[in-house]
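I opened the notebook to look through one structure, a piece at a time. The entries below follow the order in which I looked things up.

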Amino acid sequence: MNDEQLLRYARHILLDELGIEGQEKLLASHALVVGAGGLGSPAALYLATAGVGEITLADDDSVELSNLQRQILHTTASVGRPKAESGRDLLAAFNPQVRAHARVERLQGQALSDAVAQADVVLDCTDNFATRHAINRACVQHRKPLVSGAAIRFDGQVSVYDLRDGRAPCYHCLFPEADDVEAVNCATTGVFAPLVGIIGSMQAAEALKLLAGVGESLSGRLLWLDARTMQWRSVNVLRDPECAVCGRRPVAAGETVSEY
């Protein structure tokens with residue numbers, strides 16, 4: 001690290017668990033953030049300010065006035081611009097040393113697989129089950145850690161699916177894909193603005209811990225937040241050996257898979 005980086009990241013370097021070595025790992029890392037809305041905004045901002053060296057921001061939507069109540073990557077001047085480009089520009093303004101890339105597209109198929117393969121960690125900041133399951137399948141395929149968040153009304157949840165660990169569950173283990181799942185989004189039901197900030201910030205925290213190799217991740221646990229009472233609930237999640245997505249995932253020598 002150069003002198004400017006030592007100063008910029010000084011408060012990280014002071015942490016015994018992180019230090020210079022951990023900060024250098026962040027600088028050498030690549031995070032893929034899928035979704036530049038309510039969750040992706042705080043998540044991407046904290047990744048950038050914390051010094052993740054490369055961030056790819058993917059979103060096919062454009063900024064609308066109704067987004068500004070909670071999507072802090074975008075300003076009034078951004079209305080009408082692609083969210084990925086608006087977000088990229090703000091990340092660069094906060095930390096010009098970060099290599100921020102904008103992908104103005106809905107990642108799917110081979111493009112999604114390739115993007116996941118190139119990343120060290122993937123943050124699912126989307127708002128629909130079809131995309132969530134597609135991201136999960138790609139992370140299982142490439143054994144990439146997935147940090148998943150969701151927020152609607154006053155309810156939020158966050159978890160980590162660390163597909164590098166043969167014992168860890170995937171998103172499908174907890175939320176099996178189904179054709180009859182009713183689509184629910186904040187455009188029709190509303191969302192408490194600070195809730196997405198809380199959940200998105202936690203996604204960033206989990207991603208940074210994974211990249212730096214510090215602390216204990218949420219892998220195998222799901223946190224639920226009721227923002228009306230600010231009560232957290234933690235639920236243990238086990239891998240489903242019969243999971244249609246990750247059930248055939250190889251388990252390394254010495255690892256065991258627990259059943260429900």
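Which residue is the bridge partner of Leu123 in strand 5? I looked it up: the partner is Val147. Before going on, I noted that this is a predicted model, in which local features need pLDDT of at least 70, side-chain atom pairs count only at pLDDT 80 or more, and totals for chains, interfaces and linings use all residues. I also noted that residues are numbered from 1 along each chain as its sequence is written, and that side-chain values use heavy atoms, with hydrogens and water left out.

**Entry: the sheet**

I wrote down how elements are named: helices (H or I, at least four residues) and strands (E, at least two) are DSSP runs, numbered from the N terminus. Two strands pair if DSSP finds at least two bridges between them. Strands of a sheet pair through backbone hydrogen bonds, either parallel or antiparallel.

I found an open sheet of eight strands in the order 3-2-1-4-5-6-7-8, with mixed pairing. Its edge strands are strand 3 (99-103) and strand 8 (231-236), each of which pairs on one side only. On average, neighbouring strands in this sheet are turned by 15° against each other, direction ignored. For such angles, axes are lines fitted to C-alpha atoms, for helices over the stretch in contact, and the angles run from 0 to 180 degrees between N-to-C directions.

I then took the pairs one by one. Strand 1 (residues 30-34) and strand 2 (residues 54-58) run parallel and are joined by five bridges. There I saw Leu32 opposite Thr56 of strand 2. Strand 4 (residues 121-124) runs parallel to strand 5, with three bridges between them.

**Entry: strand 6 and its neighbours**

Strand 5 (residues 145-152) and strand 6 run antiparallel, and eight bridges join them.

Gln157 has Trp224 in strand 7 as its bridge partner.

Is strand 6 mostly buried or exposed? Buried means under 20% relative accessible area, exposed over 50%, and partly exposed in between (1.4 Å probe, protein chains only). Seven of the eight residues of strand 6 (residues 155-162) are buried, so the strand is largely enclosed by the rest of the structure. Strand 2 is also largely enclosed, because four of its five residues are buried.

**Entry: helices on the sheet**

Contact here means heavy atoms within 4.5 Å. Helix 4 (residues 40-50) lies across strand 1, strand 2 and strand 4, and runs at about 165° to strand 2. Helix 6 (residues 109-118) lies across strand 1, strand 3 and strand 4, at about 145° to strand 1.

Nine of the 11 residues of helix 4 are buried, so the rest of the structure largely encloses this helix. Among the buried ones I listed Pro42, Leu45 and Leu47. Just after helix 4, Gly51 takes a positive phi of about 100°.

**Entry: two packed helices**

Helix 3 (residues 19-27) packs with helix 10 (residues 193-212) at an angle of about 110°, and their axes are 8 Å apart. That makes the two helices roughly perpendicular, a term for angles of 65 to 115 degrees (under 35 is roughly parallel, over 145 roughly antiparallel, the rest oblique). Gly22, Lys25 and Leu26 of helix 3 meet Leu208, Leu211 and Ala212 of helix 10.

**Entry: salt bridges**

A salt bridge is a side-chain nitrogen of Lys or Arg within 4 Å of a carboxyl oxygen of Asp or Glu. By this rule I get 13 salt bridges.

One of them joins the side chains of Arg137 and Glu177 (2.9 Å, N to O). This pair links distant parts of the chain, 40 residues apart: Arg137 is in helix 7 (residues 129-142), and Glu177 is in the loop between helix 8 (171-174) and helix 9 (186-189). Arg137 is partly exposed at 38% relative accessible area, and Glu177 is partly exposed at 42%.

Asp162 forms a salt bridge with Arg164, with the closest N and O atoms 2.8 Å apart. Asp162 counts as buried at 11% relative accessibility, whereas Arg164 counts as partly exposed at 44%.
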